[in-house]
Amino acid sequence: MVSIVWILISCLLVAIIATAVELPVSVQGDITSPLVTLDTLQAFSDAWNEHDLDKLMSFMSDDCEFHAVAGPDLLGKSWIGRESVREGFSQAFVTFPDARWIHPVHFLSPSRGVTESTFVGTRKTADGSHLKVEARMVDIFTFDEQGKIKVKNAFRKDRPPFPVSAKSE
């Protein structure tokens, strides 16, 4: 009985250590030729800040999914498939024409990645006033075998937006 407990504890420790190690994504596990790197995630972040839909979609797989920070469903508003995901990305720029994702920090594991950043954007309300959103957020990515983003699942702190004065617009 004691040996079984030690085996289980050893397995648990190995699992904990393995999840703490940041490895680049590679189908073969060959870390010398990664398919997704921290530079890849930074380039994806840069494409967001450039509001470049074509560049953004070049990172996405053919069967991609985008789960937005808000929406009626458990995962927020979900956009499934390339054309739908493109529309979802476009909506972010329509809603927040000045959207920026600043101070990114990226993490990788063999088939997943995370980008933590600060979202800053201003949206116009129905009465014509402007509200600024500024909150920390994370994107959790799942990669396919070719190193493309299959799933982008976005989460943002629920910090209330604040009015933008006429001077700062």
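**Close-up views of the predicted model**

**View A. His 51 is placed in the loop between α2 and α3 (53-58).** Residues are numbered from 1 along each chain as its sequence is written, and side-chain values use heavy atoms, with hydrogens and water left out. The phi angle of His 51 is near 55 degrees, a positive value in a residue other than glycine. With a relative accessible area of 24%, His 51 is partly exposed; here buried means under 20% relative accessible area, exposed means over 50%, and partly exposed lies in between, using a 1.4 Å probe and protein chains only. A positive phi near 55 degrees is also found at His 103, but this residue is placed in strand β3 (residues 100-108) and, at 57% relative accessibility, counts as exposed.

**View B. The side chains of Asp 63 and Lys 150 form a salt bridge, at 2.5 Å from N to O.** A salt bridge is taken as a side-chain nitrogen of Lys or Arg within 4 Å of a carboxyl oxygen of Asp or Glu, and by this rule the count comes to five. Asp 63 belongs to strand β1 (residues 60-67) and Lys 150 to strand β6 (residues 149-156), so the pair ties together parts that are 87 residues apart in sequence. Asp 63 is partly exposed, its relative accessible area being 43%, and Lys 150 counts as partly exposed too, at 26%. Ser 61, which is also found in strand β1, is buried at 2% relative accessibility. Its side chain makes a polar contact of 3.0 Å with the side chain of Asp 63, where a polar contact is a pair of N or O atoms within 3.5 Å, one of which, within protein, must be able to donate a hydrogen and the other to accept it, and residues adjacent in sequence count only if both atoms are side-chain atoms. When residues up to four places away in sequence are not counted, Ser 61 touches Arg 82, Asp 144, Lys 148, Ile 149 and Lys 150, contact meaning heavy atoms within 4.5 Å.

**View C. Asp 139 and Lys 152 form a salt bridge, with the closest N and O atoms 2.7 Å apart.** Asp 139 lies in strand β5 (residues 130-143) and Lys 152 in strand β6, so this pair ties together parts that are 13 residues apart in sequence. Asp 139 is buried, with a relative accessible area of 8%, and Lys 152 is buried as well, with 3%. Another of the salt bridges joins Glu 50 and Lys 55, whose closest N and O atoms are 2.7 Å apart.

**View D. His 67 lies in strand β1 and is buried, at 4% relative accessibility.** The side chain of His 67 makes polar contacts with the side chain of Glu 65 at 3.0 Å and with that of Ser 78 at 2.7 Å. Beyond four places in sequence, the residues that His 67 touches include Leu 75, Lys 77, Ser 78 and Ile 80, together with Val 151, Lys 152, Asn 153 and Ala 154. His 67 and Phe 155 are 88 residues apart in sequence, and their C-alpha atoms are 8.8 Å apart in space.

**View E. The largest pocket has a volume of about 640 Å³.** A pocket is an open set of points on a 1 Å grid over the protein atoms alone, where a 1.4 Å probe fits, with protein on both sides within 12 Å along at least five of seven lines; lining residues have an atom within 4 Å of a point. Grid points are joined across faces, edges and corners, and the volume is the space filled by probe spheres set on them. The lining comprises 32 residues, of which Ala 68, Val 69, Ala 70, Phe 96 and Arg 156 lie nearest the centre of the pocket. Elements that give two or more residues to this lining are α2 (38-50), α4 (82-95), β4 (112-124), β5 and β6. By class, the lining has 18 nonpolar, six polar and eight charged residues, with Ala, Val, Leu, Ile, Met, Phe, Trp, Tyr, Cys and Pro counted as nonpolar, Asp, Glu, Lys and Arg as charged, and the others, Gly among them, as polar.

Technical notes
Predicted model: local features only at pLDDT ≥ 70, side-chain atom pairs only at ≥ 80, totals over all residues. Helix = DSSP H or I, 4+ residues; strand = E, 2+ residues; numbered from the N terminus.
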